[in-house]
Amino acid sequence: MSQSPATPLAPTAVGTAVQVPVVPLLQLGSWVVFFGLLAMLAIFFVSADQGAISLPAGNAVHEWVHDARHLLGYPCH
Amino acid sequence: MSNLPGDSPAPSPTPSPTLSPAAFLIRGLAVGVVAGLIAFVVAFAFGEPQVDDAIALEEAAAAQLSPAEVAAEEAAAAEEDHAGMVEVSRDDQKSWGLLTGMLAVGAALGGLASLAAAAALGRLGRLSARGSTALVVLIGFVAVALVPFAKYPATPPAVGSGDTIGGRTAAYFGLLLVSVLAAIAVVVLANRLAARFDGWTAAFLAAGAYLVIVTVTALLLPTVNELGDFPADTLWYFRRASLITLAVLWAAIGVGLTALVGRMTDQASAETARRELAASL
């Protein structure tokens, strides 16, 4: 993600090809941080909670998503 | 959307339209939920019979323990903190529980894939919006699902010791992290190389660099083998079902996101063309 925002488009032959739209990287950055954290939280609860780490204590989350954890290939018990 | 002065590139005769990240994310979440639903149906049909077989084996093995072993297990269980301990029925686990997990992971991966597609749009050589989106999701499948699976394949219930879950979890997510970071790095590398070589050469060099990185990482990480005498055929059926589930989840995200991003960029391009025409009059 360290590309320079000064060159958002690969050079295309102007007039011959349709220009592909771009998303400014500065705008995208905050969305990546915001949704990245949210997505990691969701994946954590399905993939690892109440296995190696428990938040909260117990086994309710683990038991409920048990089959999804196995079938999506995450380490279970 | 490029009304910030620092955002817009140098004025060119045909300014490229810009799209908002939120427009991508909303599409990614929608596609992810649908993909999770499809993956649930596939996992239920192909995976659950294998999970049931494995649990039956687990219970048969538990029934053969000697009374002393049973007493030791119960003593160990009694020592654990029983706060929040519940029993979920198999019927709930294989229906609503499985659905919950698939929808949550589908939405998370769909959303992440859409933001990655947004970053790649218009920046991967001369690939069209559809081409770059499809490529991003394909790379996501390889980096997030396929490579970790190759080193640490899915294991059915009854395989795996509770004592080693900490190390196995750390190794799995360590490999996943390296794989994702390496995939991002080689895409940036391929973009740089494309300036010097042709696109195909750059892509092959980058793919080779990725394979070297993940192979070396996988060799350095510990091997897990806790199979014992688990039957090979049930193991293979389970792993095949798991891989099919992952492939279907990612394929659904790829097809859906490519279609929606393609349509959105078509509309943005048409809008820009209309504005240019209006401005030229």
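## Close-up views of a predicted model

**View 1. Chain B is divided into two domains, domain 1 (22-62 + 93-159 + 229-281) and domain 2 (165-226).** Everything shown here comes from a predicted model. Taken over C-alpha atoms, the centres of domain 1 and domain 2 of chain B are separated by 19 Å.

**View 2. Here we look at where domain 1 of chain B meets domain 2 of chain B.** On the domain 1 side, 11 residues take part, and they are in contact with 16 residues of domain 2. What kinds of residues make up the side of domain 1 that touches domain 2? Eight are nonpolar, one is polar and two are charged.

**View 3. The largest nonpolar core has 85 residues.** The residues with the most contacts inside this core are M102(B), A113(B), L115(B), A117(B) and I253(B). Helix α3 (residues 90-120) of chain B gives the largest share of the core, 17 residues. Because domain 1 and domain 2 of chain B both give residues to this core, the core lies between them. In soluble globular proteins, nonpolar side chains tend to be buried together.

**View 4. Let's zoom in on L115(B) and the residues it touches.** Leaving out residues up to four places away in sequence, L115(B) touches L28(A), W31(A), V32(A) and F35(A) in chain A. In chain B, L115(B) touches P21(B), F24(B), L25(B) and G28(B).

**View 5. N59(A) is found in a loop of chain A, between α1 (25-47) and α2 (60-64).** Is N59(A) buried or partly exposed? N59(A) is partly exposed, because 19 other C-beta atoms lie within 10 Å, while a buried residue has 20 or more. F34(A) is 25 residues apart from N59(A) along the chain, and their C-alpha atoms are separated by 28 Å.

Note on methods
Residues are numbered from 1 along each chain as its sequence is written. Chains are lettered from A and ligands numbered from 1 in the order in which they are written. This is a predicted model: local features need pLDDT of at least 70, side-chain atom pairs count only at pLDDT 80 or more; totals for chains, interfaces and linings use all residues. Helices (H or I, at least four residues) and strands (E, at least two) are DSSP runs, numbered from the N terminus. A residue is buried if 20 or more other C-beta atoms lie within 10 Å of its own, exposed if 12 or fewer, and partly exposed in between; C-beta atoms are placed from the backbone. A nonpolar core is a set of buried Ala, Val, Leu, Ile, Met, Phe, Trp, Tyr and Cys residues joined through C-beta atoms within 7 Å. Domain bounds come from an automatic or database domain assignment. Two residues are in contact if their C-beta atoms, placed from the backbone, lie within 7 Å. Ala, Val, Leu, Ile, Met, Phe, Trp, Tyr, Cys and Pro count as nonpolar, Asp, Glu, Lys and Arg as charged, and the others, Gly among them, as polar.
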